[in-house]
Amino acid sequence: MHPDSIKYTAVNTPFSLYEWLVMPMGLRNSPAVHQQRVFSTLRSLIGKICHVYLDDIIIWSNSLEQHEGNVRLVLEALRMPNLYCSVKKSTLFCRKVDFLGHHISERGIEPDPKKIDRIVNWPVPKSATDVHAFLGLV
């Protein structure tokens, strides 16, 4: 949280007045600010060893040794501006992963089979609202 913005996040409770020192979830600009911060932090690595979407970072490599180095580079880059990864939400050294509606593996990038099933089994639209819902899905 920028020091000048802290005063605007004050919350009055029966116990005291609290102010956010870090960006809380739910503020209108939180996702955009976070995306910009992570993107600028990893700018030199994006497209070479990783991609970023909001709070998701995917790191790729051709070998286990290379992957260890790539993960280290990303984590060290994130540490400098005090950005951290959740151990619970992190999955490292995977041979396949689902990322943003795609299944990524040694075979390449394919559509996520769960998404394909939803499209194939979608009921026939009976109204304009149904058509909008289907178009939103695809």
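A patch, as the term is used here, joins nonpolar side chains within 5 Å of each other, taken from residues with over 30% relative accessible area and no salt bridge. In this predicted model, Val11, Phe15, Tyr18, Trp20, Leu21 and Val22 make up such a nonpolar patch on the surface. Together these residues have about 700 Å² of accessible area. One of them, Trp20, is located in the loop between β2 (17-18) and α1 (30-41). Trp20 counts as partly exposed, because its relative accessibility is 41%.

**A charged residue in a loop**

Glu106 sits in the loop that runs between β6 (102-105) and β7 (108-111). With a relative accessible area of 63%, Glu106 is exposed. Asn62 and Glu106 are separated by 44 residues in sequence, while their C-alpha atoms are 9.6 Å apart in space.

**Cysteines**

How many disulfides does the structure hold? The number is zero. A disulfide is a covalent bond between the sulfur atoms of two cysteines. For Cys85, the closest cysteine sulfur belongs to Cys50 and lies 11 Å away, which is too far for a bond because a disulfide requires the two sulfur atoms to be within 2.5 Å. Cys94 is likewise in no disulfide, and the nearest cysteine sulfur, that of Cys85, is 14 Å from its own. Cys85 counts as partly exposed, with 41% relative accessibility, and Cys94 is also partly exposed, at 42%.

**The aromatic pair**

Across the whole structure, a search finds one aromatic pair. The partners are Trp122 and Phe134, whose ring centres are 6.0 Å apart. Their planes meet at 55°, so the pair is tilted. Trp122 belongs to the loop between α3 (113-120) and α4 (128-137), whereas Phe134 is part of helix α4. The pair therefore ties together parts that lie 12 residues apart in sequence.

**Accessibility of selected residues**

The table gathers the values for residues discussed above.

| Residue | Relative accessibility | Class |
|---|---|---|
| Trp20 | 41% | partly exposed |
| Cys85 | 41% | partly exposed |
| Cys94 | 42% | partly exposed |
| Glu106 | 63% | exposed |

Terms used:
Residues are numbered from 1 along each chain as its sequence is written. This is a predicted model: local features need pLDDT of at least 70, side-chain atom pairs count only at pLDDT 80 or more; totals for chains, interfaces and linings use all residues. Side-chain values use heavy atoms; hydrogens and water are left out. Patches are made of residues with over 30% relative accessible area and no salt bridge: like charges are joined within 9 Å, nonpolar side chains (Val, Leu, Ile, Met, Phe, Trp, Tyr) within 5 Å. Accessible areas come from the Shrake-Rupley method with a 1.4 Å probe; for residues, only the protein chains shown count as cover. A salt bridge is a side-chain nitrogen of Lys or Arg within 4 Å of a carboxyl oxygen of Asp or Glu. Helices (H or I, at least four residues) and strands (E, at least two) are DSSP runs, numbered from the N terminus. Buried means under 20% relative accessible area, exposed over 50%, partly exposed in between (1.4 Å probe, protein chains only). Rings of Phe, Tyr and Trp (its six-membered ring) pair if their centres lie within 6.5 Å; planes under 30 degrees apart count as stacked, over 60 as edge-to-face and the rest as tilted.
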